[in-house]
Amino acid sequence: RNRITCVGLLGAVPTPTSEVPVIGQNYFPYLAVPGVSPVTRFDVFPGSPAVAGGDLIVFKGNYTVAGEGKTGVFFRDPLSGGGVLPVQLIANSNTVIPNLPTGVAGVPFGSTAPPSAASGLAVFAGFDNEESPTYGGIYLAPLIPNPTLTTLIGIGDPVPGETNATFNRFGEALSFDGRYVAFWGAWGEETVTLWLDCPTDGNEDMLAYCREFYGDNYPVSVPANQGIFVADTKTGV
């Protein structure tokens, strides 16, 4: 079966000119970061992409503008339009977080997570600050250019089944079937300590790195209050 490049790092290859002869086609503007001038390529695609409807790839992409790192969530149809349809934006570092509290305005996403997608829709987690989020949450978007984002659950929203508790952290990994979104969430300031050991099998370089810099009985703090939840995108429950 023929393989198709869905998105790559060639979005900023210069246009061929008579002064710089080229062999074959080497200009791929449809792989460039959308909405950025001058033409800019992606630097890396963190995490796993998702496929929606069998012909749309949905992904996270990082890129650089004027020396500053940027990030976003995008999609592309690599099959239609002769295979040259451009990458489309869902949300990026210039997108203002939709569910900011009253009195707060203009705060953009500082981080976005790899999306999950199904049935022409995508979901993703995005925050003002990845390590210590104050604003953000989990969002739903139709796979159309520059879509309106719907907040499914946000930082500061109440935790179901708990009294006077609000979410202060969400995991990046989401599971989505086109209607229901499963996600990890945490609340409160309490933590517990876990003691981690290096694995005993796997990649030798990773094992050596773990033994050198961490070793066994390495302490990590995790939220004491956490769980797995499901949001219904149809009802909002």
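Predicted model: local features only at pLDDT ≥ 70, side-chain atom pairs only at ≥ 80, totals over all residues.
1. A salt bridge, as the term is used here, is a side-chain nitrogen of Lys or Arg within 4 Å of a carboxyl oxygen of Asp or Glu. Arg76 is buried but has no salt bridge. The nearest side chain of opposite charge belongs to Asp77, and it is 7.3 Å away.

2. What does the side chain of Arg76 reach? It comes to 2.7 Å from the backbone oxygen of Leu85. Arg76 itself sits in strand β3, which covers residues 68–76. If you set aside neighbours within four places in sequence, the contacts of Arg76 include Thr5, Cys6, Tyr30 and Leu31. Asp55, Leu56 and Ile57 are also in contact with Arg76, as are Gly83, Val84, Leu85, Pro86 and Val87.

3. The largest nonpolar core has 22 residues, and the ones with the most contacts inside it are Val123, Ile138, Phe167, Phe170, Phe176 and Phe183. At least two residues of this core come from each of β7 (121–127), β8 (136–142), β9 (150–154), β10 (167–170), β12 (180–196) and β13 (218–232). Strand β7 gives the largest share, with 4 residues.

4. Phe183 is worth a click in your viewer. Not counting residues up to four places away in sequence, Phe183 touches Ile138, Ile153, Phe167, Phe170 and Leu174, among others. The list for Phe183 also includes Gly227, Ile228, Phe229, Val230 and Ala231.

5. Next, the two ends of helix α1. At its start, a side-chain oxygen of Asn203 reaches to within 2.9 Å of the backbone nitrogen of Asp205, the helix itself being residues 204–213. After α1 comes Gly215, with a positive phi near 75 degrees.

6. Finally, the aromatic rings. The structure holds 21 aromatic pairs. One of them joins Tyr209 and Tyr214 in a tilted arrangement, 6.3 Å centre to centre with 50 degrees between the planes. Are these two tyrosines buried, partly exposed or exposed? Tyr209 counts as partly exposed because its relative accessibility is 47%, and Tyr214 counts as partly exposed because its value is 40%. Elsewhere on your list of rings to inspect, Phe42, Phe45, Phe59, Tyr63 and Phe74 form one aromatic cluster.

Terms used. Residues numbered from 1 in each chain as written. Heavy atoms only, no water. Buried < 20%, exposed > 50% of the residue type's maximum accessible area, 1.4 Å probe, protein only. Lys, Arg positive; Asp, Glu negative; His and termini not counted. Polar contact = N/O pair within 3.5 Å; in protein donor to acceptor, adjacent residues only side chain to side chain. Contact = heavy atoms within 4.5 Å. Core = buried A, V, L, I, M, F, W, Y, C linked by side-chain atoms within 4.5 Å. Phe/Tyr/Trp six-rings, centres within 6.5 Å; stacked < 30°, edge-to-face > 60°.
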